[in-house]
Amino acid sequence: SIRADRFRPYVLAAHPGLTGGHCGFEFAFPAPLAADQLRDLLVRVDGVRRIGSIHRVAENIDNVVWQKLLHNAVVNPVSALTGLTCQELLDDEDMQKFMRDLTYEIVAVMRARGVPIVDEEDPYRPVTNSQKALGKNRPSMWQDLARSYRTEVDAINGAVVREAEKLGLDAPHNRGLVNFIHSRENVSFLRKQDIAATLRAA
């Protein structure tokens, strides 16, 4: 049921089970919505419910964003740089050690911000589950590099670096990944320019 009052800022999120084949997503709203507006929104995403996903209302956008950021900041750049699928990352012991250390670095920033950790006993376990769910797939950052597009690394790992600096922490793993991804972006961009120049000269 939906209470007939006004809601605080929230995120409407659609999250599949780990064995599902659909991608989760969030709709973030910076301003409160009336109950009738929320009801209308739920109707609009009814198709999400019909394919087996779950929509929920989260009052703290910041917590949801950071919990999702943790997964993206660990899996996306590592897959993009190595070219490995998520299953191949799971099978690579050295990559798993690095990704666990990367997770702890991000979790330190989250804790300093007061963001709840989904699995306090083992913060890396949810990231492992994400990789298992994605299996042979590669994340969007790998696809961006493969297509010579600019990636979202500044909004993902770069955000971790900036927040760490604000909090008096260091995030060397994330900073290194940002630099590596930018290097790959520049190489891809230059290659794209060379191809375009060759085609124009032909």
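Predicted model: local features only at pLDDT ≥ 70, side-chain atom pairs only at ≥ 80, totals over all residues.

The average pLDDT of the chain is 78, and 64% of the residues score at least 70. Residues 1-28, however, have a pLDDT below 50, although in the model this stretch has 78 contacts beyond near neighbours in sequence.

The chain contains nine helices and three strands. Along the sequence they follow the pattern β-β-α-α-β-α-α-α-α-α-α-α. The chain has 202 residues, and 39% of them count as buried. Its accessible surface amounts to about 11,700 Å², with 53% of that belonging to carbon and sulfur atoms. If we consider contacts between residues at least 6 apart in sequence, 69% join residues at least 24 apart.

I turn now to the helix pair. H3 packs against helix H6, residues 125-134, at an angle of about 65°, and their axes are 10 Å apart. The crossing of H3 with H6 is right-handed. Which residues meet there? From H3 come Leu70, His71, Val74 and Val75, and from H6 come Pro126, Val127, Ser130 and Gln131. By class, this contact has five nonpolar, three polar and no charged residues.

Lastly, asparagine 63, which also lies in H3, a helix spanning residues 61-82. Is asparagine 63 buried or exposed? Its relative accessibility is 16%, and buried means under 20%, so asparagine 63 counts as buried. Beyond its neighbours within four places in sequence, asparagine 63 is in contact with Gly114, Val115 and Pro116.

Thank you for your attention.

Technical notes:
Residues numbered from 1 in each chain as written. Heavy atoms only, no water. Helix = DSSP H or I, 4+ residues; strand = E, 2+ residues; numbered from the N terminus. Buried < 20%, exposed > 50% of the residue type's maximum accessible area, 1.4 Å probe, protein only. Contact = heavy atoms within 4.5 Å. pLDDT = per-residue confidence, 0-100. Axes fitted to C-alpha atoms, helices over the stretch in contact; angles between N-to-C directions. Left-handed = near helix turned anticlockwise from the far one by under 90°. Nonpolar A, V, L, I, M, F, W, Y, C, P; charged D, E, K, R; others polar. Areas by Shrake-Rupley, 256 points an atom, 1.4 Å probe, with all protein chains shown as cover.
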